[in-house]
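Thanks for coming, everyone. I would like to walk through one structure this morning, taking a few local features in turn, so please have the sequence and the 3D view open.

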Amino acid sequence: MIKTEAVFLWLDERLGIKTITEVARKKEVPLHRHSVWYYFGGMTLFLFTVQVVTGILLLLYYRPSAEGAFESVQFIITEVEFGWLIRSVHSWSANLLIAALFIHMFSVYFMSAYRAPREITWVSGVLLLFICIAFGFSGYLLPWNKLAFFATKVGTEIAGVVPLIGRPMLRFLRGGDEVTGATLTRFFGFHVAVLPAAATVLLAVHVLLVQMHGMSVPPGVDPKKVKKMKFIPNFALRDLIGWILAVGVLAALAAIFPWELGEKADAFASAPAGIKPEWYFLFMFQTLKYLPAKILFFDGEVLGILAFGLGGLFWLLVPFLNRTPGHGRRKLVFNIIGVFIVAFIVIMTIVGFVA
């Protein structure tokens with residue numbers, strides 16, 4: 001009979017398990033008044049894992065074609081045992097993932113946790129946010145229902161107005177001039193191959209950097225006076241409690257508000273009245289609606305898209321633009337910018353919902 005200790009020693013020689021566990025035991029988490037924000041990083045990782053697991057289960061039955069996509073999702077909901085639950089959990093966890101990402105990102109921003117030597121950690125995190133939003137955009141079309149069809153048509157048309165690269169980008173996204181079955185196949189490829197590969201690499205880099213540099217202490221807190229707790233088991237158990245609560249919330253949302261399928265996409269049908277994108281695109285969509293057709297000699301929509309593009313670039317380069325986040329006037333300026341961005345996103349999202 002094979003002894004457990006012998007198996008462990010065999011694995012340890014090849015995988016270095018003891019080294020990993022020793023590093024985990026030595027790791028400590030700072031305790032201060034802002035420590036609660038640390039848990040949103042683990043929550044985001046957990047929700048991403050839920051997305052991967054439920055996505056794989058859905059993939060077993062899904063057919064990525066204009067002729068079979070809608071029917072395959074319908075089959076999952078009506079015929080596959082607990083299929084409706086898996087699909088609802090997948091959809092709800094996608095939305096909660098984006099929400100957790102936003103909270104985690106802004107908490108890192110306001111605690112200046114992007115300062116040296118954590119610049120690359122911030123960049124990898126922002127790129128992961130962009131990828132998760134791309135996951136949402138590509139996955140929205142996959143059920144091939146009427147709402148997703150026309151929302152994708154509007155979304156790709158917005159990308160198409162970007163100067164110089166807009167038209168090639170539109171054709172690249174759609175796989176042609178119109179939203180067709182080729183678009184669905186292309187979005188499926190992005191959703192299950194290209195984006196997961198990119199996310200896996202960035203996630204590995206991000207987690208590795210977090211382990212290397214540890215949890216950041218806000219500039220206003222004296223690191224020498226901060227108490228610390230062990231990552232294992234203290235912080236890990238608190239993280240686990242949060243994950244269990246997240247499972248409860250997901251199960252409740254999926255059971256009480258199951259994700260609807262709607263009607264099958266029809267290119268010849270009229271667009272549904274009051275069509276809107278997912279909530280995390282709503283602030284951009286609503287802003288573009290408010291812009292006038294012409295601003296001086298330029299198209300208002302084009303200027304709006306360019307402004308959002310520059311905003312994304314600014315957000316990516318924050319650590320390099322604010323090299324002394326804990327001092328004086330520059331800290332105040334960047335805090336004001338952060339508050340403005342949060343207020344803008346929240347207000348425009350709410351206006352988009354009620355409009």
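Predicted model: local features only at pLDDT ≥ 70, side-chain atom pairs only at ≥ 80, totals over all residues.

Let me begin with a question: is R171 buried, exposed or partly exposed? R171 is partly exposed, with a relative accessible area of 41%.

D177 counts as partly exposed at 37% relative accessibility, and R167 counts as partly exposed at 49%. Through shared partners, salt bridges join R167, R171 and D177 into one network.

The structure holds seven salt bridges, and another one that I would like to show you is between the side chains of K230 and E28, at 3.9 Å from N to O. K230 lies in strand β2 (residues 227-230) and E28 in strand β1 (residues 28-31), so this pair ties together parts that are 202 residues apart in sequence. K230 is at 37% relative accessibility and counts as partly exposed, while E28, at 36%, counts as partly exposed too.

Now to a charged residue without such a partner. E278 lies in the loop between α10 (231-256) and α11 (279-290), and E278 is buried yet has no salt bridge. Which side chain of opposite charge is nearest to E278? That is R87, and it is 9.2 Å away, whereas a salt bridge would need the nitrogen and the carboxyl oxygen to be within 4 Å. What E278 does have, once its neighbours within four places in sequence are left aside, is contact with N95, Y140 and W259.

On the α11 side the contact is made by W279, L282, F283, Q286, T287 and Y290, and on the α14 side by F344, I345, M348, T349, V351, G352 and F353. Sorted by class, that contact has nine nonpolar, four polar and no charged residues.

Let me finish with the backbone, where two cis peptide bonds deserve a look. One runs from A116 to P117, with omega near 5 degrees, and P117 lies in the loop between α5 (83-110) and α6 (119-141). Another runs from I232 to P233, with omega near 10 degrees, and P233 has its place in helix α10.

F82, in the loop between α4 (69-78) and α5, has phi near 60 degrees. S112, found in the loop between α5 and α6, has a positive phi of about 55 degrees, and S112 is buried, with a relative accessible area of 4%.

How values were computed: Residues numbered from 1 in each chain as written. Heavy atoms only, no water. Helix = DSSP H or I, 4+ residues; strand = E, 2+ residues; numbered from the N terminus. Buried < 20%, exposed > 50% of the residue type's maximum accessible area, 1.4 Å probe, protein only. Lys, Arg positive; Asp, Glu negative; His and termini not counted. Contact = heavy atoms within 4.5 Å. Nonpolar A, V, L, I, M, F, W, Y, C, P; charged D, E, K, R; others polar.
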